[in-house]
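Got your viewer open and ready? Let's take a short walk through this one, selecting a few residues at each stop.

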Amino acid sequence: QIQLVESGGGLVQAGGSLRLSCAASGRTVRNYAMGWFRQRPGNERERVAATRWSGGPTTYAASVKGRFTVSTDNARNVLYLQMNNLQSEDTAVYYCAARDLVMPEWDYWGQGTQVTVSS
């Protein structure tokens with residue numbers, strides 16, 4: 001299993017930046033793909049970005065491509081989401097998630113961190 005703890009959310013003005021962190025722990029961290037999701041008020045949870053510890057393909061939602069960057073610190077087992085040029089529509093609870101590399105379901109979730117963008 002894998003445990004996930006997010007940090008780094010907060011309040012920022014439109015056009016500003018934030019970096020979210022997700023600390024992963026467990027004996028088999030490398031066996032999981034990693035993702036960032038968000039849930040905006042009144043909306044379903046959506047995937048923002050996904051990547052792998054091993055440097056495999058990284059994908060982004062169209063709404064954040066060019067503004068958000070996902071990266072990993074493999075030595076520390078930390079996943080990051082750098083968010084630039086934040087807009088009010090980016091206001092959401094952001095979640096770190098993991099799925100087994102051979103399974104399609106995202107089974108492991110962090111507690112979530114609130115990002116609020118003021119206009």
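Which residues form a nonpolar patch on the surface? Select L101, V102 and M103: these three make up the patch, and together they have about 280 Å² of accessible area. A quick word before you go on: this is a predicted model, where local features need pLDDT of at least 70 and side-chain atom pairs count only at pLDDT 80 or more, while totals for chains, interfaces and linings use all residues. Residues are numbered from 1 along each chain as its sequence is written, and side-chain values use heavy atoms, with hydrogens and water left out.

Back to the patch. Like charges are joined within 9 Å, and nonpolar side chains (Val, Leu, Ile, Met, Phe, Trp, Tyr) within 5 Å. The areas come from the Shrake-Rupley method with a 1.4 Å probe, and for residues only the protein chains shown count as cover.

M103 sits in the loop between strand 9 and strand 10 (108-109). Strands (E, at least two residues) and helices (H or I, at least four) are DSSP runs, numbered from the N terminus. M103 is partly exposed, as its relative accessible area is 40%. For that label, buried means under 20% relative accessible area, exposed over 50%, and partly exposed in between (1.4 Å probe, protein chains only).

Next, select C22 and C96. They form a disulfide (a pair of cysteine sulfur atoms within 2.5 Å), with their sulfurs 2.0 Å apart. The pair links distant parts of the chain: C22 is in strand 3 and C96 in strand 9 (residues 92-100), 74 residues apart. The structure holds one disulfide. Its S-S torsion is about -70°, so the disulfide is left-handed. C22 is buried at 0% relative accessible area, and C96 is buried at 0% too.

Step to S21, also found in strand 3 (residues 18-25). Is S21 buried or exposed? S21 is buried, because its relative accessible area is 15%. Among the residues it touches (heavy atoms within 4.5 Å) are V5, W36 and Y80, leaving aside residues up to four places away in sequence.

Last stop: two asparagines. N77, in the loop between strand 7 (68-73) and strand 8 (78-83), has a positive phi of about 55° although it is not a glycine. N85 lies in the loop between strand 8 and strand 9, and its phi is positive as well, about 50°, again without being a glycine. N85 is partly exposed, with a relative accessible area of 39%.

Note on methods. Patches are made of residues with over 30% relative accessible area and no salt bridge: like charges are joined within 9 Å, nonpolar side chains (Val, Leu, Ile, Met, Phe, Trp, Tyr) within 5 Å. A salt bridge is a side-chain nitrogen of Lys or Arg within 4 Å of a carboxyl oxygen of Asp or Glu.
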